[in-house]
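My entries follow the order in which I looked things up.

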Amino acid sequence: MAIAPRQKLRNCIQCGKVFLSKDREELCTDCRASYYQLEELVKEFVKDHPGSSVNEVSEATTVSKKLIQKMMREGVFMDVPMGDNFMYACASCGKPIKTGTYCTSCLTRLRKETQQAAERMQVRVKEGTSTIKRLDILAQREFEQEQRDRRTYRMGLTNVGRPIK
Ligand SMILES: [Zn+2]
Ligand SMILES: [Zn+2]
């Protein structure tokens, strides 16, 4: 089986089955199909048991911790009152958070870093453009030189009295 560049074999974060993941998809086809049921299951449980931790919710609903965390990251529980135990680790510093991928302080830091990286990229793009311009000028010069050569050649032909094509 050929695997396209954006595809890769990985384990489904819910059932653990190996599947061919496209565009970093984390769930296999089966679990994707039942995703909204799983989401509802977790939401209902959290509503009924507001003090539960991710571990407890996972055990009670059979939804994997990774999938619950994915739901939290994506803000599935925004309208569900979450207890202080229902948290997971910031992907950068490990501080407990309730939504998103990073805590607020890491988010601020990362935004700054991204901005700086973007600025560096822009400088590089500018440098890139001037290189292209230089290449254009060279190409233009070569073209003009060629035209001149051709003219000289034709003039040479005229001088010996042959017709110009
Ligand atoms: Zn699965
Ligand atoms: Zn953090």
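What is the mean pLDDT of the chain, and what share of its residues reach 70 or more? I noted a mean of 84, with 91% of residues at 70 or more; pLDDT is the predictor's confidence in each residue, from 0 to 100.

**Conventions.** This is a predicted model, in which local features need pLDDT of at least 70 and side-chain atom pairs count only at pLDDT 80 or more, while totals for chains, interfaces and linings use all residues. Residues are numbered from 1 along each chain as its sequence is written, and chains are lettered from A and ligands numbered from 1 in the order in which they are written.

**Confidence by element.** I found the highest mean, 96, in helix α1 (residues 29-33), and the lowest, 80, in helix α5 (residues 104-159). Helices (H or I, at least four residues) and strands (E, at least two) are DSSP runs, numbered from the N terminus.

I looked up strands β1 (residues 7-11) and β2 (residues 18-22), which pair antiparallel over five bridges; pairing requires at least two DSSP bridges. Arg10 has Phe19 in β2 as its bridge partner, and Asn11 stands opposite Val18. Six residues lie between the strands, and Gly16 takes a positive phi near 85°.

**Helix pair.** I recorded an angle of about 115° between α3 (residues 54-61) and α4 (residues 65-73), with axes 9 Å apart. Axes are lines fitted to C-alpha atoms, for helices over the stretch in contact, and angles run from 0 to 180 degrees between N-to-C directions. From α3, Val54, Asn55, Val57 and Ser58 meet Lys65, Ile68 and Gln69 of α4 (contact: C-beta atoms, placed from the backbone, within 7 Å). I counted three nonpolar, three polar and one charged residue in this contact.

**Domains.** The domain assignment, automatic or from a database, gives domain 1 (7-104) and domain 2 (105-165). Their C-alpha centres lie 51 Å apart. I noted six residues from domain 1 and five from domain 2 in the contact.

Terms used:
Contact = placed C-beta atoms within 7 Å. Nonpolar A, V, L, I, M, F, W, Y, C, P; charged D, E, K, R; others polar.
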